[in-house]
Amino acid sequence: MPSTIIVGGFFGDEGKGKIVAHIAQQDKATIIARGGVGPNAGHTVEVGDKKYGVRMVPSGFIYPHAKLMIGSGVLVDPRVFAHELEVLGCRDRTFVDSRCGIIEEEHIYKDKHDDHLSKTVGSTGSGCGPANSDRVMRTARLAKDVPELAPYITDVAQNVNDAIDAGESVVIEGTQGFGISLYYGNYPFVTSKDTSASQMAADVGVGPTKIDDVVVVFKAFPTRVGEGPFPTELTHDQSIAMGIQEFGTVTHRERRIGTWDGKMARYSAMINGCTAIAITGVDHIDKDVFGIKEYSKLTPKVREFLEQIESDTGCPVGIISTGPEQSQIIDIRSEL
């Protein structure tokens with residue numbers, strides 16, 4: 001498909017980074033464009049014995065032939081951006097839309113010291129909420145106003161639309177998850193904007209008629225960082241007994257662990273306009289499938305779980321992740 005949007009179906013932390021990187025490589029993307037809120041979202045990508053945690057640069061950076069672009073709807077922290085360019089070595093192919101809002105030090109201070117944001121909502125403290133507030137009030141600086149970003153400034157919308165019109169493969173990378181959407185999540189325990197596929201298209205300047213595929217990423221066991229309702233949440237002891245313990249990429253706070261939520265998954269698939277599901281963490285459903293790369297080798301227990309997902313959501317499963325490393329994946333999209 002020439003244009004694919006990838007978004008999270010639960011509360012974030014679904015493993016989108018790995019799925020984005022895989023699809024970018026598999027589909028030979030020429031552009032990976034990032035939508036979403038800003039550096040409050042962390043994506044983890046594991047390649048061999050290396051683990052990368054990225055907050056600004058698209059997580060498909062490991063595919064070396066794609067240009068990496070940050071859409072105009074994304075907030076940019078120049079300090080985080082500069083650090084990632086240095087660490088990831090992708091300076092020559094990374095671009096920022098001139099209209100991106102800028103996170104200032106004062107935004108980070110407000111985020112960390114506002115009791116409602118830091119204690120009630122459980123904000124990451126990265127400054128995104130206050131920065132988006134200033135953007136709405138039309139007082140925020142934009143990327144075009146920041147000298148150190150000058151070498152990376154471009155019109156992302158024009159680039160992405162030109163690539164789609166030319167029949168090239170474009171991946172639009174979402175951040176966070178459906179459950180913390182400002183519009184559709186558990187308000188007020190949400191992020192500072194919508195996180196659905198429609199928003200990601202708008203963030204990079206692509207109209208809905210130009211989107212071919214929407215891949216919604218679910219984790220076999222939903223997780224959540226921060227406050228808010230979590231209907232299927234397990235106790236800490238229960239999750240430890242299952243061998244599951246995770247920490248947020250940005251906050252390093254321990255993630256809350258739950259069991260599969262078919263009702264939420266179905267609603268998420270509907271709002272996002274899902275055409276295919278990517279499911280991660282199936283090795284926690286049955287450890288015997290850890291690292292498997294062939295669908296025929298999946299155990300009956302996991303196949304039954306995949307059937308349940310398709311029944312719950314009304315959407316086909318196209319990608320199955322059997323472990324954290326980049327190569328531990330089964331892609332059956334071509335068979336759908």
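Residues are numbered from 1 along each chain as its sequence is written, and side-chain values use heavy atoms, leaving out hydrogens and water. In this predicted model, local features need pLDDT of at least 70 and side-chain atom pairs count only at pLDDT 80 or more, while totals for chains, interfaces and linings use all residues.

**View 1. The annotated active site, Asp-13 and His-43.** An unreviewed UniProt entry lists both residues under "active site"; such annotations may be inferred rather than shown by experiment. They span 31 residues in sequence, yet no two of their C-alpha atoms are more than 7.7 Å apart, so they gather at one spot. Asp-13 sits in the loop between β1 (3-8) and α1 (16-26). Helices (H or I, at least four residues) and strands (E, at least two) are DSSP runs, numbered from the N terminus. Not counting residues up to four places away in sequence, Asp-13 touches Lys-219, Thr-223, Val-225 and Arg-255 (contact: heavy atoms within 4.5 Å). His-43 lies in strand β3. His-43 counts as buried, at 6% relative accessibility (buried: under 20% relative accessible area, 1.4 Å probe, protein chains only).

**View 2. The β3-β4 hairpin.** Strands β3 (residues 43-47) and β4 (residues 50-54) run antiparallel, joined by five bridges (pairing takes at least two DSSP bridges). Val-45 has Tyr-52 of β4 as its bridge partner. Two residues separate the strands, and Gly-48 in the turn has a positive phi of about 60 degrees.

**View 3. Helix α7 (residues 197-204).** Six of its eight residues are buried, so α7 is largely enclosed by the rest of the structure. Met-200 and Val-204 are among the buried residues. Their cover includes β1, β8 (170-173) and α9 (262-272). Gly-205 follows α7, with a positive phi near 80 degrees.

Note on methods. Buried < 20%, exposed > 50% of the residue type's maximum accessible area, 1.4 Å probe, protein only.
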